[in-house]
Amino acid sequence: MTVEGQRGALSGWGRHPVVVARHRRSENLEAITRGATLSRGLGRSYGDASLPGTIDGTLAVTTAADRLCWFDAERGIVRAEAGVSLATLNRVFWPRGWSVPSSPGTQQVTLGGMVAADVHGKSHHSEGCFGEHVRAVRMRVADERILEVSEDEEPELFRATLGGMGLTGHLLEVEFQLRPLPSGWVLAESQGYGDLESTVEALRSAGSEWPHTLAWIDLLAGGSAFGRGVVERGRRADPGEAPSRLPAPRFPPAVPFVFPLISGTTMRLANIARYWSRRLYRRGIVHPDAFFYPLDVVGWLNRLYPRAGFTQYQVVLPTSAGVEGCRRVFDIMVQRGAVPLLCVLKDFGGEGKGMLSFPKAGLSIAVDLPITDRTQVAVDAMNDFVAGVGGRVYLAKDTLTRPEHFRAMEPRLPAWQAVRRHWDPEARIRSALSVRLFGDPT
Amino acid sequence: MKALLIGATRGMGRSLARLMVERGDQLFLLGRDESALEVTAADLTARGASGSVGAACCDLESPSGFEAALDAAWAGLEGVDTVVVTAGLFGTQESLEADAVLRQRVLSVNFANTVEFCEQVRTRLLADGGGTLCVFSSVAGDRARKKVVLYGAAKAGLSSYLEGVDLRYREAGLRTVLIKPGFVRTNMTAALDEPPFAVGPDEAARAVLRAIDRGASVAYVPPVWRLVMLIIRSLPTWVLRRTDF
């Protein structure tokens with residue numbers, strides 16, 4: 001059953017911007033993607049990446065198409081429809097000894113979204129982006145043909161689609177390689193560091209031993225405490241050190257409506273509590289959801305953010321920019337009046353094969369910023385600096401970057417645009433993001 | 001559990017089938033769309049179904065096919081102990097008033113044909129010594145309302161039938177489980193405004209499976225609808241005349 005032509009208010013995870021858009025949803029992806037302007041999954045990109053680029057455009061919402069096509073238990077290869085969520089994949093495959101590689105910080109994302117944003121996680125330095133594990137996709141391109149696309153068939157389109165933000169075609173099915181899992185549990189360590197420099201240093205050195213690493217930074221503390229942090233590192237527990245039972249699936253309660261509990265004041269207190277509770281070295285076996293999916297601690301966590309919405313400013317600075325570059329970004333942010341609610345750092349491994357994929361070797365900075373009248377100015381100023389040192393911004397999080405900044409950050413953009421133009425000369429598939437950044441017509 | 005499901009290619013039925021596979025139940029699927037059955041069976045197999053997931057075509061619009069479909073299911077599972085009927089049609093009151101063909105289809109599928117299907121299942125389960133018959137009706141059958149006059153009437157008939165079967169045959173070993181979903185977010189309801197207490201199909205399916213395991217004769221899904229309907233049933237007629245839900 002296809003639900004036709006519904007109009008409704010839609011936004012990304014940051015609840016800004018909000019647009020009224022027509023969308024249709026069905027388990028029959030072939031039917032709903034025909035003539036559609038863009039596909040949308042669970043809407044976890046923060047800004048305008050999942051919003052239609054034209055007023056009369058129709059979105060194909062993929063979440064009802066969540067079936068697995070087949071699973072090869074010998075080789076750990078699975079093919080599934082684009083609307084299946086990572087939560088479902090984890091629930092199905094963890095108990096059977098397999099895990100989805102390169103998992104991002106939420107499991108409420110669809111497989112199609114994971115390919116389109118070429119997502120990464122705490123493991124980027126050890127296993128790259130999700131696209132590195134994708135073997136093939138089945139997609140509808142702009143002239144309505146349905147193609148099987150891989151490194152062997154239309155390899156350019158394949159690489160342009162990994163991280164292509166859904167703009168090269170509608171993803172219908174994704175085939176990818178799972179990773180064998182020693183146990184369902186995670187062995188995690190955490191430790192606090194009193195300043196930014198030592199936190200970054202600890203994050204970098206943890207990467208050589210641990211497959212999953214991340215640092216959380218307190219940017220609301222004043223004086224010398226500004227930039228202190230906690231480094232988290234983990235690996236899948238060996239069967240001998242983990243409980244023999246499987247971790248039980250968790251169903252966290254959802255925030256029922258917009259209730260702006262998160263603000264500079266409350267986060268300042270939360271940061272103090274977090275820093276002091278994790279300052280000392282800790283090691284233990286933890287539930288994988290607790291380790292991998294902090295954003296899923298409650299459903300609809302974004303409803304706790306300020307009423308006007310928020311964005312996440314995530315950039316990667318090349319290794320050459322050093323920790324000084326990172327501190328410079330923070331300084332600009334604070335000087336321009338942005339309120340850094342939450343900040344995480346991650347050291348990336350090398351660039352993957354996605355032509356427009358975000359990660360490259362260096363330090364990734366991700367900061368949640370409420371939308372205020374100062375946010376645009378702050379983002380512009382930070383982007384000036386980031387473009388100057390050879391860094392770049394993550395489109396799946398972005399709301400406010402200007403096209404000239406993005407062009408300056410992305411020497412790969414013309415090559416990607418050439419592939420997109422080849423398959424879609426009129427830019428029939430477009431999003432609010434591609435209108436904003438790539439000059440598509442509205 | 002050896003379970004036969006009709007209507008498991010979409011919505012709550014699909015979520016329920018996945019939960020049952022996850023805990024190791026053996027399944028056989030009936031549905032009207034052959035390719036949807038194939039895709040669903042492949043999905044359940046990839047999710048680790050124990051044994052192969054059999055399927056056969058069966059359309060609630062044509063009762064003449066029921067016997068062959070049930071034969072296939074009983075043969076495929078080598079006996080069935082649980083039958084779940086989630087299939088059904090929906091139409092808004094406006095569309096049913098305007099379209100006589102649709103009206104006829106919705107009334108026959110949701111009442112007469114579903115009852116006929118259940119009757120055939122009842123005979124088979126009783127012949128095997130008993131079992132569970134779980135049927136999806138609706139809270140719309142609990143009290144007439146302006147928005148669901150025709151749909152609600154068919155569901156009221158179905159609920160009443162199931163209640164009767166429970167009274168008459170529970171002692172003989174046939175457990176009926178009457179599911180009354182409130183608002184569940186599926187494609188069937190996607191065009192409707194969402195009332196409070198709406199749940200997704202997975203959450204609804206977990207409640208249904210609990211009811212089947214408990215052998216509850218009536219289960220509201222989610223359970224808060226029992227209270228909501230208690231209130232709605234107790235409203236005087238003049239209030240319902242003046243309200244629009």
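## Helix 1 of chain B

In this predicted model, helix 1 of chain B runs over residues 11-22. Its 12 residues reach 17 Å from the first C-alpha to the last, close to the 16 Å expected at 1.5 Å a residue. How much of this helix is covered? Helix 1 of chain B is mostly covered, with 10 of its 12 residues buried. The buried residues are B:Gly11, B:Met12, B:Gly13, B:Arg14, B:Ser15, B:Leu16, B:Ala17, B:Arg18, B:Met20 and B:Val21.

## Confidence and the contact between chains

For chain B, the mean pLDDT is 94, and 100% of the residues reach 70 or more. For the complex, the predictor gives an ipTM of 0.89 and a pTM of 0.93.

## Domains of chain A

The domain assignment of chain A gives domain 1 (3-61), domain 2 (68-181) and domain 3 (186-407). Let us turn to the second and third of these. The C-alpha centres of domain 2 of chain A and domain 3 of chain A lie 24 Å apart. Across their contact, 26 residues of domain 2 of chain A meet 27 residues of domain 3 of chain A.

Which elements give two or more residues to the side of domain 2 of chain A that touches domain 3 of chain A? They are helix 4 (124-127) and helix 5 (155-161) of chain A. Helix 4 of chain A gives the most to this side, with three residues. By type, the residues of the side of domain 2 of chain A that touches domain 3 of chain A divide into seven nonpolar, 14 polar and five charged.

## An eight-stranded sheet in chain A

Chain A holds an open sheet of eight strands in the order 15-12-14-13-17-18-16-19, with antiparallel pairing. Its edge strands are strand 15 (282-286) and strand 19 (392-393) of chain A, each of which pairs on one side only.

Within this sheet, strand 12 (residues 186-193) of chain A and strand 14 of chain A pair in the antiparallel sense over eight bridges. One of the residue pairs here joins A:Leu187 to its bridge partner A:Arg235 in strand 14 of chain A. Why is strand 14 of chain A described as largely enclosed by the rest of the structure? Seven of its eight residues are buried, so strand 14 of chain A is largely enclosed.

## Strand 13 and its two neighbours

Strand 13 of chain A is joined to strand 14 (residues 229-236) of chain A by six bridges, and the two run antiparallel. Here A:Trp216 stands opposite A:Val230, while A:Ile217 stands opposite A:Gly229. Strand 13 (residues 212-217) of chain A is also joined to strand 17 (residues 342-348) of chain A, again antiparallel, by three bridges. In strand 17 of chain A, A:Cys343 is the bridge partner of A:Ile217.

In a regular strand the side chains alternate between the two faces of the sheet. Which residues of strand 13 of chain A point one way, and which the other? A:His212, A:Leu214 and A:Trp216 point one way, whereas A:Thr213, A:Ala215 and A:Ile217 point the other way. All of them are buried, and strand 13 of chain A is accordingly mostly covered, with six of its six residues buried.

A:Glu324 sits in helix 9 (residues 322-335) of chain A. Is A:Glu324 buried or exposed? A:Glu324 counts as exposed because it has 11 C-beta neighbours inside 10 Å. From A:Glu324 to A:Ala221 is 103 residues in sequence and 19 Å in space, C-alpha to C-alpha.

How values were computed. Residues numbered from 1 in each chain as written. Chains lettered and ligands numbered in written order. Predicted model: local features only at pLDDT ≥ 70, side-chain atom pairs only at ≥ 80, totals over all residues. Helix = DSSP H or I, 4+ residues; strand = E, 2+ residues; numbered from the N terminus. Expected span 1.5 Å × (residues − 1). Buried ≥ 20, exposed ≤ 12 C-beta atoms within 10 Å, placed from the backbone. pLDDT = per-residue confidence, 0-100. Domains from an automatic or database assignment. Contact = placed C-beta atoms within 7 Å. Nonpolar A, V, L, I, M, F, W, Y, C, P; charged D, E, K, R; others polar. Pairing = 2+ DSSP bridges.
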